Structure formats: structure tokens, C-alpha cells
Amino acid sequence: MSAAGVALLLSCLSCCGSALWRYYSNSPNYDVFSTRSTIKLEYEGTLFSEWSAPAACSIKNKRLPKTELRCSSPGIYAIKPIVSGPDLEEERYLYLDRSHICFLWYYKAINFVHNLTQIVILWIYDPENADPSELLWNASEPSLYSLVLSKQFAALGQKPFIYTILKRKVYFPQETMEDGKWYISVPMTENDALKEVRGNRAGFLDCFVANSLFLLTFPLLTIPEIPGFLPISSPRGSQLIANWAACVPSFVVVVADMETFQTNDSFLTWTRIRVPPNILTEDERHNVSDVILSQDGIFFLINGILYLKNYDTFTRLGSNANLPDGGIIGITSRKWCWINYFLKDKERRSYMAIWTENEVYLGYALLKFVKILTTEKLKGRLKTSPTATLTIHNVEYTGHPLELALLLNYCIICNTSKTIYLVIYNEDTIQWVFQDFALDVTIDTFLIPYFLHSAMPELLLWDKHRIYYYYHNFRDTGVIQTTTEFGNLSRLSQNSIIHNVLMDYYGNIVVKMENNVMFYFKIKIKDAIKLHLWTNSTVKSLISFKPSGHIYLIYVFENGKIYAEEYPLKLEAQSITFKTKEKCPYVAFHNDIFNFFYFLDKGQNLSLWAQIVYSENIGLYIVVESYGPKILEIKDQVQYEVTSRYYSKTTTLTFSQNINYETVDDYFKLQYENTGILLVQVRPSELAKTCLVSHKVFQISVGCDASKFIAVKGFTKKECLQHDFFYSIEQSYLRDRPSKPLRVKYNWDKYGCPLKVNIREKFHPLVQLYNDNGYVEDVEVNFIVWEIHGRDDYSFNNTMKKSGCLNEAQTWNSMIELNKHLPLEEVWGPENYKHCFSYAIGKPGDLTQPYEIINKSNYNHLVWPLDHSGIYVFRVKILDPNYSFCNLTTIFAIETFGVIPRPNGYMVAAFVFLLMLLFLSILILSYFHYMRIYRKYIYEPLHESERKKKKN
């Protein structure tokens, strides 16, 4: 629904509430709010006279409660309505700049599930001249104006591309523009969903196109509404309850006091969630106390019982799912998105927590629930009095990707007061750590926790009237103050009570009261300001944020409709702080921390920088805070630069691990102790509510990156004709010398295409490292190979002496002898590797033996037997203990050829016999032939005498 449509509904309700006014822009999220923008003004109430604005601004019709405002020059302008009566309407100070960003990207996605791809269709539109369907974000084709504008930009060289924020991949259009639109194909993904549309720096009429941040993941389907099903809701008159997927904030469920609504696009579209009849009573259907949205469906908490609504069923969960059949007092889910995280012991983490007064359960995918705690166990750790009462007050996930916090009620005589304690549970290490936290409250006090997006545990707690802050790992505590009333927000909001608190990833914190009065402050700030009234007190509303990080409001009206409206938090905060004269202590805060998650393996280091620019005589600096195990060395280097008016400090941070894992007593234990998650926060030393960027939080995981793998260069699994076949290995060629040949079926999926190698050619495998993004590097460290079927009829061309060994090197035979109880693939690896290049390691021996360790530069090759050919399936394992936390292995296959066939002995003997027989026959025949000639001419002379010839 358009902003005007929402405004109309809000205006209809204004007769019963206080008067107020607000403004709108055609630009989504108020991204373009400049001298070019048309600002729509709207007054709710009955006492309106006219609008008041400076001379630099023009109002279309200042006597209409709904009109348009334009300002010709940049600046801060005081805008307010003039009303009749003694009360004055509040004045807003709107900041308008002369921005060269005028146009925006319009995008829509088409899903192709059969090949897991999505086609993103893009065009350029002007918010000031857009079609209503483009402003409502439901256009299927570009409007005529957008079509001409997109083609004009294309002629000027504009060509968009999609950049993924987390993995930093780039996708370009497949073809040139078609019908005024660009088409970009991207793969469906779950862990790289945050994307940004970017373009070339092409300008038109001195205007450019802004980059657009959006979320694109696997299609998330809402549960369809089935005819005949009945509404499910919270008790009549209660406030809205909402929950959303932490990593997909556009996927939301909202429970109102008449219906439950679900959306997958931040309420551009939505469905009603209803349940089948005859399962719940009328009172139960209208008594939802909490809700959680998950991949398994929607969980409802009703009268202490958990129910699940999915696409097919509506089910009561209890002992059938390892949960209590009643008595559940709360459920919660994760608030902060950590797509990547490192697990040392477990294979997965929970997505929800369920608790009773004395038990805590964790929920995992596929409806698996596990009880992790009872208060009886905690009593023993606290060493409390046997007569003391210990119950669970509340449970919440912290900002850490693997931690959960419990607030505990403790009292001995539980009449008037109790003490709240805090304990944090790590899901991976299964450790409970009691915090330095104790808060004495009255016995009927109920506190709601909200852990902030920070490295160290930082917490906001609130009751009905006040907000308590616990900064810097609970060491800096107090009450969020206000200009009056000593932090009592109820007294500043007509005795209303706190409804919900929301923090975004930029450090902005908004507190919404039940009557829609809102307060604002930032992380690390200890006082709040009251924002201008935006929504009438009679409307049920809720604050949430979009995938882009911008806050928006959700309204539910009495007619059963739900609508979303963008809220200009930045502009509203600027208006208030302009009056209070509050200024940000620094001019700029820059850094090169572009990722939320970094993985460090052995031998790697991470270098980052942050810079703060400030006016002279302030003395600011960069604060670096970390939370987690002491597994990394952190070095910082500060550089100063002074100009005529400004100072700048640049802090370069280097994170590294300098541990030698070679020849240690317990390799695996040392690895375990030096892996884990470290959360780091970089921020300026001083903050204010006017600072746009307040801090940067990121995670460094030290351990095995599951996306890493190795492969031998030149081997594939596709470029050959695959067919099922068996081959035999003679028993004399096998390591164990069995009694009969080994028959092997060649597994194409595992072994890939075999490489054909002549038996007279030596082979040197080149191992390469890859990850999800492709090729990383050639592996230069030591590795070993072995034939997985047990062949040992191959060797190596290098000897130990030629390789430079001073003592006898490790070999397969020696390692098998030392580890007879282990399978072949485990007898030799980085955990027991010892080099041979020192007299202090190993023992003297025969250095003429083959050296069976290979690396990229030692020119050690595999050598084949010359008397037979065969198929060899080798497994490669990285041997260097300081290369990776991962057990990196791969398989490649070699087929040798070039053996001259060995002749048959009988055939050779027969052939020789025939040759000899032929030779003797010829010899004998020659003898008799010459004897005949000799006998003939011994009696007949060859020449008669000349005398006889003359006589004749």
C-alpha cells in the first residue's frame, strides 16, 4: 500500500488521538531526500490552519493539511503546521542536500527451482516521475518514463552488475539490454543472500544512479490461508507480537489481537495464518502469548503449551517432542544474523530456546528438542542455601553466535525482593559461566533482556518504565537517562509503558512505547532523546527493520488489515539533535572491514585498518575490543596525520597465531585448545547520537574452514568416457601379500578420470588448494601419497640422502610398524610427522632408501615398474602440521601403459627349432647340390684343349 493509503487510514483514526504531523518521500527508505525531492506533508487533527516554512521552500497549498513541499537550495529548514488553539505543534528541522544521486534501481527476481538459479530483472527509475506500481514495488514492466531513462543510461555506457556482500562475488548481465531491462542470472544461495546492485559511473542530466542493497535467497513460502480455518490471535487489547528470521528480516510473522499475519517481503504482500477448528477452544485461539518463526513452521505459545503450525498441520508439542506438556513460560529465537560460525564439537546450533520455571530446552532443525539445564544443577554450582529458591526469570540469545543467556530469580524469603543473576551458556563447549551481574528488584518485577550487536556481551534490560544498560561486559551499568524524569520513560509518554526495543546493525536503538511515543539513542550512549510523534496513539504498531537495515513501522488496523510504512529514523534523529545542538565528536570514521566473518587457518594472518578524523583538541582514538578465547595475537600500529584543522589517527590491526604444531606431545589437543571464535569490535573512543557510523563488529574463526579442499592438477571427473569395469591386482603387487589377486570395481564418482602415464615417465603430483570461490594456491608443503587398495609396486626417484636427510626419514613401512593398531590411512599424518633434517630428530639408518615425502619443489616423483602396467588409485594427505587445521586429502588415479608384451616360451622354442631345422635343411641340400656339381665336372673338364678344337 502506498504512503498515501496508509496516511488515509491513520487519519481516520486521528479523531480519537492526539494531533501530529509527518512527511513522506517517493524514494524508498528516504534514500533520495534532496532539493530535487517532492516532500509530502500531512497533518492529523482538527485544528490545522496552515503550514509554516522558510522562504527558500515553496508549498503547493499551505492551507491544506496534505500538501507538497519543495526547497530550492540545500540546508536545514524548520517546518511546522500552524494550528488554532493554545497548543503549538512541534517543529521539525529537515535536512536537505544537493545530491547528485537522483535515480534508483528497480529489481525483481524470477525463481527457477529446477536449476537453482534466479534471474534478476533490472531497470532504472526516477522516484519523482515513477509509475505508482514502481513506487509500490509491484511493477512487472518498466513504465514509459523508466523505459526511456534506462535506454538513455544504456546509451551512455551504464551496465549494472550484482555484487554479493558476504562472498564478494560479481555477476554481470548475460546479454545487452532488452526492452529497457537488464537480466542477470545468479545462483540460489542461503549463505550469500545479501546483495547490492551496482552500476558504472554514468550520469544523465548531472544525476547518477544509487547502489541498491537487497536480499535474495531461496524462495521462502508463506503458509496459505485455508477456507474454513479460524483466526488465532493474542488476547483482546494486547500489543502486537512479532518475530522474524534473523538472517532474512523480510520473513516476518505478526500476532495481533484479531489475526496472525505472515509475510516474506516485509509486508508488501502477506497472508493470514489460521488454524483448523476443533483443536483449540475459543479462549485458547485468542490467547497467544508469544510466537517464533522458523524453517519448521510457526510456533505459538498458548497457556503454557507449545503448538506448531506448518503447511500441512497444526500440532500440539509436548512429551511427543521431548518437551513439557505444560508450564512453558517463554520461548525465544536468535536476534542477530551470523551466517558463518565455527563449531568445534557440535555439528549444528539451536535456533530457539524454550523454558519453564526450572528447565531450559533448545530447539534444532527438524523438530529436535534437547533439555540442557535444570535449576537444581545450577544450585549446586552457585553453592546456594538449601532453603533458597532459584527459578528461571528469562532467557535470551546473546550477540555471540553460539551463546545463550539466562536470567535467574534468587531469593530466600520471597516476599518483597529478589536478586537477578546472569549465566551464559556456550552451545559448542557446553560450559556455563556465571557473570559478574546481580540486580536487586522487587518480587513482582519482570525484566526483558535484549543483547546488543557487539563483541563483548552488552545488554539492555527493561521493565515497564525504565531501561537499564550493561555495557563493556557488564562493567559499565546504569539507567538510560532522559532530560527530565530521571530516565522514567513512562512519565515522558503520558504514563504509557515500554512495548518493544529494537537495535539495528548500525548501532541505532529505538524504544517504542505502547502509545507509539518513541525514544532514540545509540550503543554505548547513556541517555535517550524523545523523537517527534509519528503515529497516533490509537493505532497498534511495531518497529522492525528491513534487509537493507532501515527501520520501518508495521501497523495493524481494526479492520483486520496490516500495512508497513518506512520510518525516516536518520532524519528524525537529526531534527531532534539539531535543537539540542549535539554534535558528533569526529568528522569521519573509515575502515576496510568489509566482511562480518573471517576464517584464519594455520600460518595465516589478518590485517585490517580503521581511521578516525576529528577536529583539533579533542584527542580521540580507536578502541579495539575482543571477546573469546585467547587464541590470537593482536598487534596494533597507530599512525598520526595533522592538517591545518583536522587530526587523523589510523590504527592497523594484525591478527595472527604463532604456534608450532610440529613434534608436539598431543597434536590434536593443541589444535583443539587453539581453535574457536573471537568477536572483535572496532569503534571510536567517543560517540554521540549524531554519529552515522558508531562501530564495526566482526567474527574471526580460527580452525578448519569446511569450504577448503585440495585436488591434484590435471585430474577431472567429467572429461572421459565413464563405464563400469573391474580390474585385478596380482597378489605379489599388494602390500599384505594375500593368497589371491584382488578384484576391484573402479568408482568413477570417487576416483575421477584416470590419467594415462607411460611406465618410463616419472610422475610428480601438483596439489592445489581450493575453496568455495575457486582456486587459492599451489600447495608447497610436504604431502604423502599411498595406493588405497594396498598396492606397493611403485617407488620414488629420490633417496633420503639425495633429499638432504641427516637421519633416516619416515616411510610407510616404518610408520605401519609403529602403528599396527591403526588403519593404513591413519598411521601417518601431521600428528606424528617428524622431519629428517636434524641430527636431534630421528636416528641414523640407511639413507639409500626411497624418500617417500613429496612437495612442490623437491622433485620427488613416483616411479613405475617396467615389467607390468596397471591402475593405481592414490590418496593424497597434507603432511605438514603447520599448514592447516583441516585434514586435507584427495584422490587421483593413474593408468600406466607402454610395457612390451612378454613372449611365450613354447612359441619361442618352436620358432628357434624351426629356424634351426630350416638352416640345417638348407645346409644339407647345399652340400648335396655342390657334391653333384663336383662329381660331374671331376670327370668332364670344363674346357676342351684348343688342339682338339683345331683338329675338328
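Against which elements do the buried residues of α3 pack? In this predicted model, they pack against β8 (101-112), β9 (117-125), α2 (132-135), β12 (182-187) and β14 (208-209).

**Helix α3**

Helix α3 comprises twelve residues, 144-155. From its first C-alpha to its last the helix reaches 17 Å, close to the 16 Å expected at 1.5 Å a residue. S146, L149, S150 and F153 are the buried residues of α3. Viewed down the helix axis, these buried residues fall within an arc of 100 degrees, so they line one face of α3. On the other side of the helix, L144, V148 and A155 are exposed. G157 follows α3 and has a positive phi, near 100 degrees.

**The four-stranded sheet**

An open sheet is formed by four strands in the order β45-β47-β50-β49, with antiparallel pairing. Both β45 and β49 stand at the edges with a single partner strand each, so one side of each is left without a neighbour in the sheet. From one strand to the next, the twist averages 15 degrees.

| Strand | Residues |
|---|---|
| β45 | 586-591 |
| β49 | 633-642 |
| β50 | 646-656 |

The edge strand β49 is joined to β50 by ten bridges, and the two run antiparallel. Within this pairing, Q637 stands opposite T652 in β50. In general, strands of a sheet pair through backbone hydrogen bonds, either parallel or antiparallel.

Technical notes:
Residues are numbered from 1 along each chain as its sequence is written. This is a predicted model: local features need pLDDT of at least 70, side-chain atom pairs count only at pLDDT 80 or more; totals for chains, interfaces and linings use all residues. Side-chain values use heavy atoms; hydrogens and water are left out. The expected span of a helix is 1.5 Å times one less than its number of residues. Buried means under 20% relative accessible area, exposed over 50%, partly exposed in between (1.4 Å probe, protein chains only). The arc is that of the directions from the helix axis to the C-beta atoms. Contact means heavy atoms within 4.5 Å. Two strands pair if DSSP finds at least two bridges between them. Axes are lines fitted to C-alpha atoms, for helices over the stretch in contact, and angles run from 0 to 180 degrees between N-to-C directions.
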